[in-house]
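Here's a quick briefing to read with the model open beside you. Take a look at the chain first, then work through the notes below.

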Amino acid sequence: MFNLQLHIHPQTEQRLGAIFAHAQNEETFVQNIIAYQVSELRKGIVNIRLELKHLEEKYKQTSDEFYHQYMQGQADDSEEMLLWAGLYEMLRDNESRLRELS
């Protein structure tokens, strides 16, 4: 058993109550929340990979190679390089979160 106490606004509590009223049971409700989060992470990962692929093709190196160079201070600090590093970090974070939920 997992006891969860939420500190939310009354309007949010009311809306959540309405959702619970139509849920088959608590287990199904929670499983649906988890499934939704997994789905959103997967979509995010696909979109980030598409952005990374564009940068990899443009600069003819993998994101792993780029990020290693970036962390060693061997890449410039242009806006595009900062974006690339940020996207790569987001990808790693999303993949980690997805592994936790799978």
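N94 sits in helix α4, where helices are DSSP runs of H or I with at least four residues, strands are E runs of at least two, and both are numbered from the N terminus. N94 is buried at 12% relative accessible area; buried is under 20%, exposed over 50% and partly exposed in between, using a 1.4 Å probe on protein chains only. This is a predicted model, in which local features need pLDDT of at least 70 and side-chain atom pairs pLDDT 80 or more, while totals for chains, interfaces and linings use all residues. Numbering runs from 1 along each chain as its sequence is written, and side-chain values use heavy atoms, with hydrogens and water left out.

- Setting aside neighbours within four places in sequence, N94 contacts L41, G44, I45 and I48 (contact means heavy atoms within 4.5 Å).
- The largest nonpolar core holds 17 residues, and L52, F66, Y67, Y70 and W84 have the most contacts inside it; such a core is a set of buried Ala, Val, Leu, Ile, Met, Phe, Trp, Tyr and Cys residues joined through side-chain atoms within 4.5 Å.
- Two or more residues of this core come from each of α2, α3 and α4 (79-101), with α4 giving the largest share, 7 residues.
- F66 touches Q61, A75, M81, W84 and A85, if you skip residues up to four places away in sequence.

**The loop residue K60**
- K60 lies in the loop between α2 and α3 (63-71).
- K60 has a phi near 55°, a positive value in a residue other than glycine.
- Most residues other than glycine have a negative phi.
- With a relative accessible area of 73%, K60 is exposed.

**Overall build**
- The chain has 4 helices and 0 strands, in the order α-α-α-α.
- Its radius of gyration is 20 Å, while a compact globule of 102 residues would come in near 13 Å; the radius is taken over C-alpha atoms, and the globule rule is 2.2 Å times the number of residues to the power 0.38.
- Along the principal axes, the C-alpha trace spans about 55 × 25 × 25 Å.
- Buried residues account for 22% of the 102 residues.
- Of the contacts between residues at least 6 apart in sequence, 54% join residues at least 24 apart.
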